[in-house]
Amino acid sequence: SHPADKVGLNVRVLSNGFYVVYSSTWYSSRGFVAVGNSTHPAAGTVGPTNSLVGTTLGSDVIGTTTPNNPMGAGNNILFFDNGNFLMVSKTWTNTVTSAASAGAAAFFNPSAGIIPVGDVSETNALIGTVASDWVGNYLVYLPNTGNYVLYRPGASSPKSNGWVHWCSGTTGCVGKRDEVAQLQGGPTTSTNFVCSIVTLLANDNYVVSSLNWVDGSVTAVGFSMLCSGTAGCPSTVSSATALIGSGANQQVGSSVTGLPDGSYVVISPSVITYCPPTGCNGTSPTPDR
């Protein structure tokens with residue numbers, strides 16, 4: 001119904017018998033995603049009554065696909081083997097809070113009747129509420145369960161202290177990121193980053209690490225936390241929930257390497273620590289070299 005909408009240009013048939021129609025250029029690059037099947041086809045004029053749609057001219061670009069980056073980052077539709085999919089838009093604007101690039105991630109499970117429609121919001125997607133929250137820009141897919149993890153690494157520019165949120169591969173997750181994310185950094189005025197990297201393990205669990213995490217007034221202590229692939233992360237970082245450094249600039253969690261049995265190795269500039277599949281907590285890593 002608008003110039004350059006390109007409705008029908010992109011159609012994908014899913015493994016569960018549904019199909020997806022989408023276009024990132026609909027209505028001046030607001031974008032849309034619509035789902036149908038042989039019983040209930042996608043029909044009518046594209047709009048919030050029959051499609052998931054963006055609301056901000058030129059920036060939301062709902063319905064983008066990036067073939068060379070099939071598992072996230074930016075604006076994309078991530079299609080999973082089971083017929084579910086995830087619409088992500090790093091550049092989605094939260095018009096309620098006037099936050100540019102707040103980002104949004106909407107989960108679709110057509111077989112279970114989870115087909116979001118309407119304007120993207122906290123009722124049908126996980127959304128950012130502050131500028132450069134970039135919800136949907138970083139994702140780890142857990143292949144054994146179909147669950148997925150959305151996160152944002154801590155960074156000085158654009159400013160973010162990081163966050164991590166586990167989502168069900170059956171029902172997805174919705175809400176405002178700052179209210180529902182399981183693990184979140186400190187106030188935006190601080191530098192207490194809670195996420196640098198997320199490492200997927202062989203058993204679908206994952207490790208969240210931040211080499212520059214601050215323990216009280218001690219800087220760059222670092223930590224690595226084991227999180228469940230079926231439930232997510234603890235909400236706080238401590239020696240009871242994570243492996244943390246015992247001194248300034250120890251930078252525990254500079255990198256993490258997963259092993260075939262679900263165990264993993266946490267690496268810092270001065271220490272290498274082996275952790276079993278059940279994880280390892282404490283305040284003073286034992287040097288292995």
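Strand E4 (residues 52-53) and E8 run parallel and are joined by two bridges. Within that pairing, Leu52 has Gly118 of E8 as its bridge partner. Strands and helices here are DSSP runs numbered from the N terminus, with at least two residues (E) for a strand and at least four (H or I) for a helix. Two strands count as paired if DSSP finds at least two bridges between them.

Before going further, a word on the model. It is predicted, so local features need pLDDT of at least 70 and side-chain atom pairs count only at pLDDT 80 or more, while totals for chains, interfaces and linings use all residues. Residues are numbered from 1 along each chain as its sequence is written, and side-chain values use heavy atoms, leaving out hydrogens and water.

**The open sheet**

E4 and E8 belong to an open sheet of five strands with mixed pairing, in the order E1-E2-E3-E4-E8. Strand E1 (10-13) and strand E8 (118-119) stand at the edges with a single partner strand each, so one side of each has no neighbour in the sheet. In general, strands of a sheet pair through backbone hydrogen bonds, either parallel or antiparallel.

**The protein as a whole**

The protein has 21 strands and two helices. Of its 289 residues, 52% are buried, where buried means under 20% relative accessible area, exposed over 50% and partly exposed in between (1.4 Å probe, protein chains only). Among contacts (heavy atoms within 4.5 Å) between residues at least 6 apart in sequence, 49% join residues at least 24 apart.

**Two nonpolar cores**

A nonpolar core is a set of buried Ala, Val, Leu, Ile, Met, Phe, Trp, Tyr and Cys residues joined through side-chain atoms within 4.5 Å. The largest one has 21 residues, and Val164, Tyr206, Val208, Phe223, Met225 and Val237 touch the most other members. Strands E11 (148-152), E12 (163-167), E16 (206-210) and E17 (223-227) each supply at least two residues of this core. E17 gives the most, with three residues. Leaving aside neighbours within four places in sequence, Phe223 is in contact with residues including Phe193, Val208, Trp213, Val237 and Ile244. A second, separate core of 20 residues includes Phe18, Ala99, Ala102 and Ile127.

**One salt bridge**

A search of the whole structure finds one salt bridge, meaning a side-chain nitrogen of Lys or Arg within 4 Å of a carboxyl oxygen of Asp or Glu. The side chains of Arg177 and Asp133 form it (3.1 Å, N to O). Arg177 lies in helix H2 (residues 177-180) and Asp133 in the loop between strand E9 (126-127) and strand E10 (138-141), so the pair ties together parts that are 44 residues apart in sequence. Both residues, Arg177 and Asp133, are buried.

**Cysteines**

The structure holds three disulfides, each a pair of cysteine sulfur atoms within 2.5 Å.

| Disulfide | S to S distance |
|---|---|
| Cys167 and Cys173 | 1.9 Å |
| Cys227 and Cys233 | 2.1 Å |
| Cys275 and Cys280 | 1.8 Å |

With the bonded cysteines numbered in sequence order, the pairing is 1-2, 3-4, 5-6. The link of Cys167 and Cys173 is right-handed, with 55° about the S-S bond; the link of Cys227 and Cys233 is right-handed with 100°. Cys167 and Cys173 are buried, Cys227 and Cys233 are buried, and Cys275 and Cys280 are buried.

What about Cys195? Cys195 is buried, with a relative accessible area of 0%.
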